[in-house]
2 protein chains.
Amino acid sequence: MKIRKIPGGFTAAKGFKAASCEAGIKYQNRRDMALLFTDVPCAVAGTFTSNKVKAAPVLWDMDIVKSGKPARAVVVNTGIANAGTGAEGMRLCSETAKHTAQVLGISPDSVLVGSTGVIGPNVPLDRITAGVTAMAGLLSDSAEASTLASKAIMTTDTVNKEFAVAFDLPAASGDGTVTVHLGGMSKGSGMIHPNMCTMLGYLATDCAIAPELLQKALSAVIKDTFNMITVDGDTSTNDTLLLFSSGLAENKPVTEEDESYELFCAALYSVCRDLSMLMASDGEGATHLLEIRVFHADTKENARILARSVAGSSLVKAMIYGKDANCGRVLCALGYAGPEFDPANIVITMTGESGSVCFYKDGCVQVFNEDKALEILSEHDVHFDCDMNMGSEEATAWGCDLTYDYVKINGDYRT
Amino acid sequence: MKIRKIPGGFTAAKGFKAASCEAGIKYQNRRDMALLFTDVPCAVAGTFTSNKVKAAPVLWDMDIVKSGKPARAVVVNTGIANAGTGAEGMRLCSETAKHTAQVLGISPDSVLVGSTGVIGPNVPLDRITAGVTAMAGLLSDSAEASTLASKAIMTTDTVNKEFAVAFDLPAASGDGTVTVHLGGMSKGSGMIHPNMCTMLGYLATDCAIAPELLQKALSAVIKDTFNMITVDGDTSTNDTLLLFSSGLAENKPVTEEDESYELFCAALYSVCRDLSMLMASDGEGATHLLEIRVFHADTKENARILARSVAGSSLVKAMIYGKDANCGRVLCALGYAGPEFDPANIVITMTGESGSVCFYKDGCVQVFNEDKALEILSEHDVHFDCDMNMGSEEATAWGCDLTYDYVKINGDYRT
């Protein structure tokens, strides 16, 4: 197999370390800060929330990514988002970076920051700087350090999220191939909606690759991964996805869109898709993963819009939770998505491990086997295949069901 | 006062009758069909769902409204939506109209139809025609008949919805003024999202008005009323709003956009706004009415988009239910709505009967009085005022909170 799953996350590639600690920012008795560090100056690509209200850490990181300057570290906290904090919020980013730079002996403009939690005032800078000081002495390239860091950035997540892959590229020496690694972590459970990128995510690779291709690959891959998940339709103010490359794999540098670049993109897609699916599956209160595949669409973008519309429908999500095969709601959600189509030509099928049920074709909702439908809806992963019969494009969106617990979690989030 | 609220609904204006019955279509032991009738041939204006999948009754009614032919009756059933039913669904509309025409001695192409309920097959035509036969003998212009009809078209609604107003226009005789009436009913509780018009609604006036102005007034008014409410973001396949005019008020016919037309529009707005607010307030599982007012926006359309975004946010809705003043979520929902604005310039205030709390200004979420916020969130109606500080346009959107009961109702709708 060209792309091989391997254990680990952010530290799976050569040149990356992680640490975490209990800084007591809001949560008690759990790790709530992470420090990510690169052994060498790294190129960094990034994608950020499309929300007009961008949290201070987003603005801070956007500046660094845009400048093209090498990156060395990321400081992440949970509990409070440093959003809606104006000039004071920017000062907090600056102070955090300055302190981190001092402790680690690097430049302040090589330090990125990330925050997630409640939107509002009172970010405790003293606890954040104390956390950085404590973590600086704990940095490690072990898988355990990476896992603990991926747990430290969780908010309402119930599981930590990290994946890594390895693949082979031509060696820089010109003699055979070398193994290249790409891994990362992400968090996100609520305020999740596809509009780049609805979460915090940190990816690292040792692949030697031109910085502009690093950004190009990231921007392309998120369209079919992080931008295709939805939990609640709310696009966060803090969404940040960063991809670092250390170049330490000693591969022949990827400088054009050749086979090596394609393989790198496929590896990046693999990690991003797995993180995305796990985030959808771990949506706040979720008991089901919902996968919507739209195929034979006229354009790629229409396929994405249609799939996301179904994955985001409150009524579809509620029926999955209730195991009620009220499948006209899938048809309805395709209909209000926006793209034109002829309802007479599409076919909608629900599938699971235990079989499948076609519930719409020839312009009519079908009479289907209710027992079989209930059997499928009793599985954790529920799939809807929507054949548009219009062309050759396809897209897949991921979501989750809408449950009492989503309401409970978000009716009382601050306390 | 120019526009006076009066008791009644669809039959408040001269020339309109209503009837209802227990047809046993899906619900048992309750009225589930209504018949609306006009004493004279009426002009009819209509607006319909923007969903690409339009239920058969929507297609049927669109044809009649477009044809400009006079209308005489509407047959409405609840329980099953006659959507996703293809050619068979159209045949059911045709058979229903044909039977109704026979019973009432009118033309089949003057009979409109409306359905709401589960999307799917097995519409019981025999029960619908039996219902029409029974109702034909019960038609009445009483307020009670109107109220019973407004109850008969409910699905998950917990209250029936009807309003009426009276206002004065110059008399056709040229001598003084005459009193003109406008009233109507609507239903809708779930699958409610602003995209024309997310519900069934039937309005009637005795105002003599040119048919093109009748349609123009309706199309204009829905933009600030029915299109500004949201319950769950799902735009139905069956949304239909019809406005009939009998012309029996003996006013000087309204034939241009003069003062009389403005007054007619204001009366129409009044009835549509009251029906809209009641629909939002009666959203499935709702315990609060949520009113979002956006003002000092740069354009009217941006004001509408921003207000609807906040009203539709799952996280805002959940926090209202939980009485948790996590007000950064309102800021966040403005931010992902789409329109450009400078977060540093806006001011967001939450208000209720008991006072108000400013929680965002000068680019920062404010430290506010939590007790006061809890007091406001304990009221039924919660208002957010969003001052964009950009221009002079404003819009108001209405929604409701997201509750356990919404999930419960929609996790098990078919049974």
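Residues are numbered from 1 along each chain as its sequence is written, while chains are lettered from A, and ligands numbered from 1, in the order in which they are written. Because the model is predicted, local features need pLDDT of at least 70 and side-chain atom pairs count only at pLDDT 80 or more, whereas totals for chains, interfaces and linings use all residues.

## Two copies and their interface

Start with the symmetry. Chain B is superposed on chain A by a rotation of 180° with 0.0 Å of shift along the axis, at an RMSD of 0.0 Å. This is the relation of a two-fold axis. The superposition is by least squares on the C-alpha atoms of residues with pLDDT of at least 70 in both copies. Which residue of chain B comes closest to the rotation axis? Tyr404(B) does, with its C-alpha at 2.6 Å.

The same surface serves both copies: 100% of the contact residues of chain B recur in chain A. In numbers, 58 residues of chain B are in contact with 58 residues of chain A. Two residues are in contact if their C-beta atoms, placed from the backbone, lie within 7 Å.

Several elements of chain B give two or more residues to this side, among them helix H2 (86-104), helix H8 (314-321), strand S13 (364-365) and helix H11 (404-411). Helix H9 (328-335) is also one of them. H9(B) gives the most, with 7 residues. Here helices (H or I, at least four residues) and strands (E, at least two) are DSSP runs, numbered from the N terminus.

The side of chain B that touches chain A divides into 27 nonpolar, 21 polar and 10 charged residues. Ala, Val, Leu, Ile, Met, Phe, Trp, Tyr, Cys and Pro count as nonpolar; Asp, Glu, Lys and Arg count as charged; the others, Gly among them, count as polar.

## Domains of chain A

Chain A is assigned domain 1 (4-281) and domain 2 (289-411). These bounds come from an automatic or database domain assignment. The C-alpha centres of the two domains lie 32 Å apart. Between them, 13 residues of domain 1 are in contact with 14 residues of domain 2. On the domain 1 side, the residues divide into 6 nonpolar, 6 polar and 1 charged.

## A buried alanine

Ala152(A) sits in helix H4 (residues 143-152) of chain A. Is Ala152(A) buried or exposed? Ala152(A) counts as buried because it has 28 C-beta neighbours inside 10 Å. The cut-offs are 20 or more other C-beta atoms within 10 Å for buried, 12 or fewer for exposed, and partly exposed in between, with C-beta atoms placed from the backbone.

Leaving aside neighbours within four places in sequence, Ala152(A) is in contact with Ser20(A), Arg31(A), Asp32(A), Met33(A) and Ala34(A). Arg30(A) is 122 residues away along the chain, yet its C-alpha atom is separated from that of Ala152(A) by 7.5 Å.

## Strands of chain B

Strand S6 (residues 161-170) of chain B has 7 of its 10 residues buried, so it is largely enclosed by the rest of the structure. S6(B) and S7(B) form a hairpin with 6 residues between them. In the turn, Gly174(B) has a positive phi of about 85°.

Elsewhere in chain B, 6 strands form an open sheet with mixed pairing, in the order S13-S12-S11-S14-S10-S15. S13 and strand S15 (393-400) stand at the edges with a single partner strand each, so one side of each is left without a neighbour in the sheet.

Two strands pair if DSSP finds at least two bridges between them.

| Strand pair | Sense | Bridges |
|---|---|---|
| S1(B) (residues 4-6) and S6(B) | antiparallel | 3 bridges |
| S6(B) and S7(B) (residues 177-187) | antiparallel | 10 bridges |
| S10(B) (residues 289-297) and S14(B) (residues 381-387) | parallel | 7 bridges |

Single residues mark these pairs. Lys5(B) has Val165(B) in S6(B) as its bridge partner. Phe167(B) stands opposite Val180(B) in S7(B). Glu291(B) has His383(B) in S14(B) as its bridge partner.

Helix H6 (residues 259-281) of chain B lies across S10 and S15, running at about 40° to S15(B). Axes are lines fitted to C-alpha atoms, for helices over the stretch in contact, and angles run from 0 to 180 degrees between N-to-C directions.
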